[in-house]
Amino acid sequence: MSQVMTAAPAWTIPEFLDARENNHLFIGGADATALVYKFGSPLFVFSESRIRANIARLQAAAKEVDRPISFCYASKANSNMAVLKVVRDAGIDVEVNSGGELYKALRVGFKPNQIIFNGTSKTNEELDEAVRAGIYSINVDSIYEIELVEDAVRRARSELNSGLPPARIALRLVPEIGTRSHLGLQTALLTSKFGISSSEVLDAFRRGLQNPELIHVCGIHIHVGSQTPDVEPFAEAFKSMWNHLMTIHRETGHTLEHINLGGGIPVNYLRDRSQADQLPEHERDMLGADLEPSAVLKEALRVARESARAAKAEHLLDRLTILLEPGRSIIADAGVVLTIVRNIKRRPETEDIWLLTDAGYNLLLSMNNYKWYYHLISASRACEPLESEYKVAGPLCDSGDVYFDIERHGRLPDYRLLPRDVKPGEVLALLNSGAYSLAQMFPYNGRPLPAAVMIREGGRADLIRRKDTYDDLVANDVW
Ligand SMILES: Cc1ncc(COP(=O)(O)O)c(C=O)c1O
């Protein structure tokens, strides 16, 4: 029997994630292995108190600056209805990216004036839904889209025969600001598909102000990307928006109500650094980022105040509301994927020991798309020394369904460290896996989508998503 480590493991998060006396992983006071026996594997486990703590951290950051901050949870990160309900009950607003997410937000009880809608390719139907609901802001992604919103208002007025107020829009900009995140997660580069470029901004605003009876231009928006490890891109984006705001005021007399700094506050995926040195340096810096949201807000406002002072435009800043769209920083570390080792093999030629789990990239798409690192531990031997190296893979039918970098670019460790003698039946836990996972999962290979539970105060586990049945797999097929 291996020895048990005495210090708390580095992945421990007090009052949420810890190893208890029987060496089991506990999530919000619930024994992870017991959850799997009760609800099946694989299983998503979320913690209500951790979601609330993450939101409270953002709210505390907002108190450190002198402008009102409104947080709009980026529901793309995880739009399970129970998650949305916890977010709504915690008192923040919501960002949606489709008619479906808008439907969910309204259905769970967000008020229309708590909702902002982003997206590059909104359909007329989606614009109709947003306009008719009267949401806080439709963030338009091009000059062309302004016309589409105007058309939606005209349609709504004639069909509803009502005095619907003008639709509120904000313009999404793409100012060519890079970050140290994955290229696929950077969204303010001119090579990205998003937004209106700086050279067109003034024209776009003039166009937006043309028909005030149809639309009201209320804000300006830049999302520099997800998992942004440094404060500078946020500050640069804020300054860029602030300068545009002043120019628009000077040139048109119009005063914008809000600046939306987007999402992207990073999560520290390398709280446990036992395999961090096996990642390339830039991945390590990006995945292990520890950026305080208050630092982002303070720096953004510092640069804006400086430029406002120089331009004698402080009165504009004093009227401004700032929006943030955090997704990952609210839900990533509040979620854990539990998975059972279903099969094992030792290759005589390489002496590799392979552990085959039931959680593949159909549940954690980022592991494949971006070679995202999710720290892996044993849920029943959470404190045992990490003495053995394993090749770990999921259940899907292609070779890319592995927990390492199949392309051999070294973006993930080749082997995962776990206690010795892992056997089929052992429950493993992938930590920090609550964002862009459940929201992106798909039933490839006819694998029913798994259940999810929410751990409440006191360790009670509520089912928040039932496991799909085989009937669910064929429910929408017509034959
Ligand atoms: C427009 C927009 N806002 C907010 C977010 C949320 O980002 P994050 O989850 O990194 O906070 C995203 C996701 O990339 C986004 O595209």
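Buried residues make up 49% of the 479 residues in the protein; a residue is buried if 20 or more other C-beta atoms lie within 10 Å of its own, exposed if 12 or fewer, and partly exposed in between, with C-beta atoms placed from the backbone. The structure is a predicted model, in which local features need pLDDT of at least 70, side-chain atom pairs count only at pLDDT 80 or more, and totals for chains, interfaces and linings use all residues. Residues are numbered from 1 along each chain as its sequence is written.

**Overall form**

For 479 residues, a compact globule would have a radius of gyration near 23 Å, and the protein agrees with its 24 Å. The radius is taken over C-alpha atoms, and the globule rule is 2.2 Å times the number of residues to the power 0.38. Along the principal axes, the C-alpha atoms fill a box of roughly 75 × 55 × 45 Å. The protein has 14 helices and 21 strands; these are DSSP runs numbered from the N terminus, helices being H or I with at least four residues and strands E with at least two.

**Domains**

The protein is divided into two domains, listed below, with bounds from an automatic or database domain assignment.

| Domain | Residues |
|---|---|
| domain 1 | 17–47 + 336–474 |
| domain 2 | 118–326 |

Their C-alpha centres lie 35 Å apart. Ten residues of domain 1 are in contact with twelve residues of domain 2, where contact requires C-beta atoms, placed from the backbone, within 7 Å.

**The core**

In soluble globular proteins, nonpolar side chains tend to be buried together. The largest nonpolar core here has 145 residues, and A32, V45, V149, L338 and V453 have the most contacts inside it. Such a core is a set of buried Ala, Val, Leu, Ile, Met, Phe, Trp, Tyr and Cys residues joined through C-beta atoms within 7 Å. Helix α8 (residues 232–252) gives the largest share of this core, eight residues. Both domain 1 and domain 2 supply at least three residues each. Apart from neighbours within four places in sequence, V453 is in contact with L35, F39, L43, V45, A461, D462, L463 and I464.

**Helix α5**

In helix α5 (residues 124–133), the buried residues are E126, L127, E129, A130 and V131. These pack against α4 (99–108), β7 (115–117), β8 (137–140), α6 (143–160) and β9 (167–174). After α5 comes G134, with a positive phi near 75 degrees.

Definitions and conventions:
Two residues are in contact if their C-beta atoms, placed from the backbone, lie within 7 Å.
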